[in-house]
Every structure is written in structure tokens, then in C-alpha cells.
Amino acid sequence: MTQETGTGRPRWVWLLAALVGVVLVAVVALVVARQVRDDGPRRTAGPVATTASPTPSPTPSPTPPPGAAITGPLNLLLVGVDTRVSVPGWEPHGDSVLVLHVPAGLDRAYLFSLPRDLVVDIPAFPKSGYKGGRTKLTHAMSYGSRVPGKPQKPSAAQGYELLRSTVAGYTGLRFDAGAVITFNGFDRLVDTLGGVDLYVDQRVPSLHRRPDGKYRDPAPGGGGYTGPQMVYEKGERHLNGWQALDYSRQRYITGGDYARQRHQQQLLRALAAKILGENLAREPDRVEQVVAALGDTLVYAGGPRIVDLAYALGGMSADRITLVGLPGDGVGKGSSYRGEQLTSVGKGFLPALKAGKAETYLDAHPELRVKN
């Protein structure tokens, strides 16, 4: 199925977004924005009392734990961007768009992806001069990133605003926080965590990498790549940073882009299991180490204080994270292909989720639950 790129480049040339390596509970612990860090006011010791019988101090009230006021439900928007930071003016595209929904109680979560080529209504966005239109979801990030008067300096944070509005309009969900990450950020994240253990559910040959991790050579005439290629065989695997990214970006496989979405979700849940299992979400020093590794490859798009959100979600277990695959099909065929649309069953999950009836809907449509 042919897909437009909107830039004239072959669709296989650029790396995909990094899948938002800060998803799930990691979005709280690892997407730490320095500007929102709040350790509270510094206190200094007061003068020493000189009276013989000092007045007893009243017993202080117990301090509530961080995040005590966060009850949910929460919706987090997680975006991986297709971008080339070395090219001035290169506009980011939202190539991986994932939504994490945490119901009231904060003891479970649902993660689903929206196809990058989903045909949606993108609202007008005066900040970038975009007048609105109906096109592929991936373009919302690009259209929103344009800064009038600064064509060489697109803003990923501003692009996220339009993408968030677009996804909110399509899903009916209000988003409480979000994050944007590039492929370099995801690679660094996985390596900083020491790799990730994952069950590979089908044989996946890599279009882009050799077994040693180096990139394959372009084929003569621009017809893909040539030379030995990395292959991810079915079974339990330990993947380092480049392997995790490479595996999760492959879509020229059985199942196409929908299989890729499934693999992205499985990888993110595996990362969440590691973060939760090692209690990293509640170790500030470890969080700072990961943040330092990510550097400017990540944008935290705001929300509650990180320390509050981290503690509120840090007690969730990985087996309470449900992966949901929303089926879809193409709009138009061949040269008239316009994009993707969700099936009625896939789209029906969205109002059920908003109404707090996700489990009931999934029980009625068990094929939507992603296994492994």
C-alpha cells in the first residue's frame, strides 16, 4: 500500500520516531523537565532558644505523600517524532502516536496507538498560521511546528499542541500531560536502563541495520538497501538501544504498520515492567541519570508536578497495563490511497474508554487485546 510522505522522500529513508521511550509510568519518572522541578523552599536553622523552659512545639500534621491529590482518570499523549535535527528547518512529523489512559484508582492502564496515516480533521492553529483541514494525523505535528517569521526554527513543543488538539478532537479525551521524544532519545533511554527483555512474536528482518548494528548500504538506483541484515527471531530476546529501536520501526513485515504498532506497545510495556520492577520511578538519583542521558532529545509537554505524578503511578504493576490494538483499513486504493481509518469496532473503543467501560468493551471484543 503506497503512502504519501509529503516531502518527496522515500518513506523508508528516515528513522521512525523513538516510540516515546518515556511511556507508561516512565513518562512520569523519565520525562523530567528541569523547569518543573520543585523541591520546595530551603529552610535554615533559627536562633537557639535561651529560656530555661522552652514552649513545646505542636506536633506537626503528617505530610501527605507526593501525588496524594491525583486520583484520575488521567490521559497521557506520547509522541515519537520523525525529524532530522541536522537539517535546518526540518519539520517534525508525528510517526508514533500513543495514548495512555489511567482510570480512577490509578491501579491499571490502557495503551493504544493511532495510525500515523489516520485521516483526521486537523483544527485551525493561529500560532503557526495553519488554517485547518482534513489529512493524515502525522502532519498535525508538522503544521503546528511552524513558527511565523522563523522558517528555519520549527518548534516541536508548538507542534505537539496542534497534535494534542487533533487527537483530543478525534478521541474525545482530554489530555493531562504528554511527551515528545526523538529516535536518539529512545536509543539512549534503553541503553541507560541496561537494555530491555522482550518476547518477539514473529520473525522480523531489519530493512535498515546489519547484524553488527551498522546501517546497510543503499542499493544502486535508490531501490532500498543491500547487504547482510539483522533479523529478530521469534522468542524471548534481550535488546540493547539500537536493536529495540530498529525492531520496533519495521513495518515491511507480515501485518504491516499495524504489526509495527503492536510491537511498539509490547516494547513499551516491557520497558515499564523494568522501570516498575526496579522501582526506578521512585529513585530521584536514577531518574536524574536517565534525564541527563536523554538531554535535549526529549520535550516534556507539561502537566502535574513530576514528583506528584511519579509517586501517584509508581505503584502500578506491569501486568495491569493492557495493550489495545485498534484495527483499521485503507481509505482509497493504489494511487488514490489517502490514508487509514479505524474500523467501527476499533473506533468504538474510544467512547467506551471515555465512559469508563473499557473492560466491558474489551470483553465483548477480545480480539482487541494485544497479547505478549
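**Salt bridges, a cavity and a buried asparagine**

Q: What makes the contact between the side chains of D257 and R260 a salt bridge?
A: In this predicted model, the side chains of D257 and R260 come to 2.6 Å, N to O. The cut-off is 4 Å between a side-chain nitrogen of Lys or Arg and a carboxyl oxygen of Asp or Glu, so the pair qualifies.

Q: Where do D257 and R260 lie?
A: Both belong to helix α6, which spans residues 256-277. They are three residues apart, about one turn of the helix. D257 and R260 are both buried.

Q: Why is the pair of R116 and D95 called a salt bridge too?
A: Their side chains meet at 2.6 Å, N to O, and that value is within 4 Å, so the name applies. The bridge links distant parts of the chain: R116 is in the loop between β3 (109-114) and β4 (119-122), while D95 is in strand β2 (residues 93-102), 21 residues apart. R116 and D95 are both buried.

Q: How do you know that D107 and R320 form a salt bridge?
A: The N to O distance of this pair is 3.4 Å, which is within the 4 Å limit, so the pair counts. This bridge also links distant parts of the chain, with D107 in the loop between β2 and β3 and R320 in the loop between α8 (306-313) and β14 (321-324), 213 residues apart.

Q: Why is D107 described as partly exposed?
A: D107 has a relative accessible area of 40%. Buried needs under 20% and exposed needs over 50%, so D107 falls in between.

Q: What about R320: which class does its relative accessible area give?
A: R320 comes to 30%. That value also lies between 20% and 50%, so R320 is partly exposed.

Q: How many salt bridges does a search of the whole structure find?
A: The search finds 14. Some join up: R108, E359, D363 and R369 are linked in a network of salt bridges. As a general point, side chains of opposite charge can pair when their charged atoms come close.

Q: What kinds of residue make up the lining of the second largest cavity?
A: The lining divides into three nonpolar, four polar and four charged residues.

Q: Is N75 buried or exposed, and how do you know?
A: N75 has a relative accessible area of 7%. Buried means under 20%, so N75 is buried. N75 is found in strand β1 (residues 74-82). Leaving aside neighbours within four places in sequence, N75 is in contact with L100, H101, L173, R174, F175, D176 and A177.

Q: How many of the residues of the protein chain count as buried?
A: Of its 372 residues, 52% count as buried. The chain has 10 helices and 16 strands. Among contacts between residues at least 6 apart in sequence, 69% join residues at least 24 apart.

Terms used
Residues are numbered from 1 along each chain as its sequence is written. This is a predicted model: local features need pLDDT of at least 70, side-chain atom pairs count only at pLDDT 80 or more; totals for chains, interfaces and linings use all residues. Side-chain values use heavy atoms; hydrogens and water are left out. Helices (H or I, at least four residues) and strands (E, at least two) are DSSP runs, numbered from the N terminus. Buried means under 20% relative accessible area, exposed over 50%, partly exposed in between (1.4 Å probe, protein chains only). Contact means heavy atoms within 4.5 Å. Ala, Val, Leu, Ile, Met, Phe, Trp, Tyr, Cys and Pro count as nonpolar, Asp, Glu, Lys and Arg as charged, and the others, Gly among them, as polar.
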